Amino acid sequence: KCEWRGAGQAFEWRDPGWGRFQVVEPWRLWADPNSTPPHLAAAAGPALLARLWADAPPSARSRAYCEIDEADLLGGKAPLVSCSCYEDRVGGACQVPVRSFCLNQ
């Protein structure tokens, strides 16, 4: 579970790191501002997105957490950040779904 640094500048947000989310630079999650989910891009606006990506190293493009290629993961390439997965996913980028169930159901 990761949240991008600056989320509170784009829209009303809980405290940074709420729910034990890891707070990371947005370019560690998405390769470029145009890669962010549409609702986040609309809330942030192009000027804020450009500022948030201003310090992104060129090498970040191929290793962004939300966009890393599954073949790269299988080949041992690591994403820029490691976010803990929700209980229904595993893998380096939480890309592998797993079945979960409750014992009381």
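Visitor: Let's start with Q9. Is Q9 buried or exposed?
Guide: Q9 is exposed, with a relative accessible area of 55%. The cut-offs are under 20% for buried, over 50% for exposed and partly exposed in between, with a 1.4 Å probe and protein chains only. Bear in mind that this is a predicted model, where local features need pLDDT of at least 70, side-chain atom pairs count only at pLDDT 80 or more, and totals for chains, interfaces and linings use all residues. Residues are numbered from 1 along each chain as its sequence is written, and side-chain values use heavy atoms, with hydrogens and water left out.

Visitor: OK, and where is Q9 placed?
Guide: In helix α1. Helices are DSSP runs of H or I with at least four residues, strands are runs of E with at least two, and both are numbered from the N terminus.

Visitor: What does Q9 touch?
Guide: L48 and R51, leaving out residues up to four places away in sequence. Contact here means heavy atoms within 4.5 Å.

Visitor: Tell me about α2. Which of its residues are buried?
Guide: L40, A44, G45, L48, L49 and L52. They pack against β1 (2-4) and α1 (7-10).

Visitor: Where does α2 bend?
Guide: At G45, by about 100°, and a proline, P46, follows within four residues. The bend is the angle between axes fitted to the seven residues ending there and the seven starting there.

Visitor: Switching topic: what about T36?
Guide: T36 is in the loop between β2 (22-24) and α2. It counts as buried because its relative accessibility is 7%. A polar atom of its side chain lies 2.9 Å from the backbone oxygen of P33. Setting aside neighbours within four places in sequence, T36 contacts W30, A41, L49 and W53.

Visitor: And the whole chain, what pattern does it follow?
Guide: β-α-β-α-α-β-β along the sequence, so three helices and four strands. Of its 105 residues, 31% are buried.

Key: A polar contact is a pair of N or O atoms within 3.5 Å; within protein, one must be able to donate a hydrogen and the other to accept it, and residues adjacent in sequence count only if both atoms are side-chain atoms.
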